[in-house]
Amino acid sequence: MTKEYAFYPGCSSQLRGSASNYLTSVNSMCATLDVKMTPIPDWNCCGASIGYAGSGELARHVMNARNFALAEEHLPGQDVVASCAACWLGAKETKQKLDASSQLMADTNEALKQAGLQYKGNTTVRHMVEVLIEDLGYEKLGAPVVKPLEGVKFAGYVGCQTNRPFGIAGESFENPLYLDKLVETVGGEALTKYEQKVTCCGGALAFSEPEKSQAQIKDIVESAYDQGADMIVTPCPLCQANVEVYQADINKRYGTKFAMPVAYYSQLMAVAYGATPKQAGLDGHVIKPTKLQEIAVKVVPAKK
Amino acid sequence: MGAMNEQALAKYTNNFLREVEERVEEGDWVKMCMQCGVCAGSCPFGPDWEHSPQKIFMMIRAGKRDEVLSSDSMWMCTSCYNCVVRCPRELPITQIMHGLATYAERLGLAPKMNPTRKFSLQFWDNCTRTGRVNELKLVLQVYFRDGFVSGIGKFWDMRATGLKLLLARRMNPFELLFPHRCKDAKGIQAMLKKAYEIEDRRKGFAK
């Protein structure tokens with residue numbers, strides 16, 4: 001049966017956005033898995049963590065609550081599912097705060113009224129990965145694999161905000177395993193000793209404190225090389241962008257020769273499910289994920 | 001200093017802890033810190049902070065108001081939440097750091113030249129203008145914030161990367177002319193105006 005969700009794709013996933021290829025691959029993956037993601041009509045930015053100095057508290061919660069109200073109105077009964085780590089964190093934090101305080105809820109609704117909206121408090125906020133692991137399960141995720149990612153070694157870089165402070169149920173903050181399990185589910189080799197899997201890439205401070213952030217990213221990429229990785233895989237749009245895009249600067253700064261591709265888990269799954277390079281968003285990279293590309297163009301005999 | 005700072009000084013006289021508890025997001029957690037230092041050791045930018053969260057918490061209790069609010073330490077927070085999940089007392093440290101930085105900004109005491117302070121304000125302005133982030137505009141603002149010549153220099157340094165992003169269709173000049181936006185950007189402006197008004201009232205910022 002088709003599973004249906006209220007989709008909160010987030011700003012970076014939009015057409016022409018820095019993670020537009022993430023959305024492309026999520027769409028392809030969901031089509032295979034018979035998961036219907038309907039975007040929340042007119043959804044807005046979550047404010048991200050970095051907007052704090054301008055937002056204060058209530059305005060940030062009101063931004064997230066607007067999305068909840070729109071989802072309740074247009075997609076009743078469906079869980080709000082974010083694919084972006086920051087969107088998920090921001091929305092989930094607001095959800096928790098509103099559940100815990102009737103005054104905050106009343107204040108939020110007083111503000112929402114100005115936009116002709118009301119939030120009733122029924123929203124459940126989830127991450128795309130939770131839908132995959134909890135609603136479908138590894139077995140179902142493995143079933144549609146037609147091109148197992150055999151022989152490709154992946155350093156599973158979980159990063160921060162998909163992992164802390166909420167994380168995926170049953171996973172530890174220091175050594176979450178779900179990304180490695182997803183890699184293995186689609187036939188890849190997960191480098192389980194990749195010790196930088198939850199290191200911070202600097203997040204938004206990659207813009208404002210580039211030297212400090214690039215020191216972090218250097219560790220993240222270097223360790224992937226040390227482990228013998230062919231590529232890094234991540235669930236977070238900002239991790240993906242930071243770790244991929246700044247390798248050229250790091251090479252200049254440190255004299256390294258990094259050229260480590262960084263892909264999304266959804267791209268791995270899309271390729272394993274038989275998507276074309278374009279459907280898997282493989283054309284959206286600064287460092288080409290050649291191993292995935294090779295598998296994606298490989299012709300395999302149809303499953304009997 | 002500004003009128004809002006004068007008002008706060010008059011209201012809380014010598015009790016900075018109480019001021020933080022009442023006016024800073026999650027500020028009522030500060031007194032729960034047991035000074036173990038796990039947060040300081042867990043922070044990715046830890047070596048770059050003048051004062052670690054642990055020190056900030058003690059300074060608040062010691063009433064070191066000016067030192068705390070004018071510190072650039074809180075602005076070093078990357079929102080990685082490492083300290084939060086490791087804190088034995090489960091203090092929401094990330095949120096408190098953001099809260100302190102935001103409060104310092106409201107009072108006009110935040111370090112003006114701190115790059116993350118500028119980026120944070122730019123980001124919020126950027127995403128609330130249309131309801132969605134305009135990434136290209138944000139990046140250009142970062143490059144050109146220290147002036148035109150410096151901006152051109154930084155732009156030139158990043159030209160190879162920019163071109164690759166352009167080719168990968170993850171950046172597009174089109175976005176400056178026809179940005180993504182929420183249909184009800186007006187409604188968003190109105191609800192945010194109301195939200196600021198309510199928060200000012202609740203926190204005693206209103207005149």
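In this predicted model, A:Arg60 forms a salt bridge with B:Glu25. The closest N and O atoms of the pair are 2.8 Å apart. Between chain A and chain B, 10 salt bridges are counted. Polar contacts across the interface link 29 residue pairs, both partners at pLDDT 80 or more. On the side of chain A that touches chain B, H3(A) supplies the largest share, with 6 residues. By class, this side of chain A comprises 27 nonpolar, 23 polar and 18 charged residues.

The size of an interface is often given as the accessible area lost when the parts come together. Here, chain A and chain B bury about 6100 Å² between them. Carbon and sulfur atoms account for 59% of that area. In chain A, the residues that lose the most area to chain B are A:Arg16, A:Tyr52 and A:Phe207. Together they make up 13% of what that side buries. The contact draws 68 residues from chain A and 68 residues from chain B.

The largest nonpolar core holds 139 residues. Within this core, A:Met128, A:Tyr265 and B:Leu100 touch the most other members. Helix H3 of chain A, residues 58-74, gives the most to the core, with 9 residues.

Neighbours within four places in sequence aside, A:Tyr265 is in contact with residues including A:Tyr22, A:Met29, A:His127 and A:Met128. Further contacts of A:Tyr265 include A:Leu179, A:Leu182, A:Val233 and A:Pro235.

Terms used
Residues numbered from 1 in each chain as written. Chains lettered and ligands numbered in written order. Predicted model: local features only at pLDDT ≥ 70, side-chain atom pairs only at ≥ 80, totals over all residues. Heavy atoms only, no water. Core = buried A, V, L, I, M, F, W, Y, C linked by side-chain atoms within 4.5 Å. Buried < 20%, exposed > 50% of the residue type's maximum accessible area, 1.4 Å probe, protein only. Helix = DSSP H or I, 4+ residues; strand = E, 2+ residues; numbered from the N terminus. Contact = heavy atoms within 4.5 Å. Buried area = accessible area lost by both parts, 1.4 Å probe. Salt bridge = Lys/Arg side-chain N within 4 Å of Asp/Glu carboxyl O. Polar contact = N/O pair within 3.5 Å; in protein donor to acceptor, adjacent residues only side chain to side chain. Nonpolar A, V, L, I, M, F, W, Y, C, P; charged D, E, K, R; others polar.
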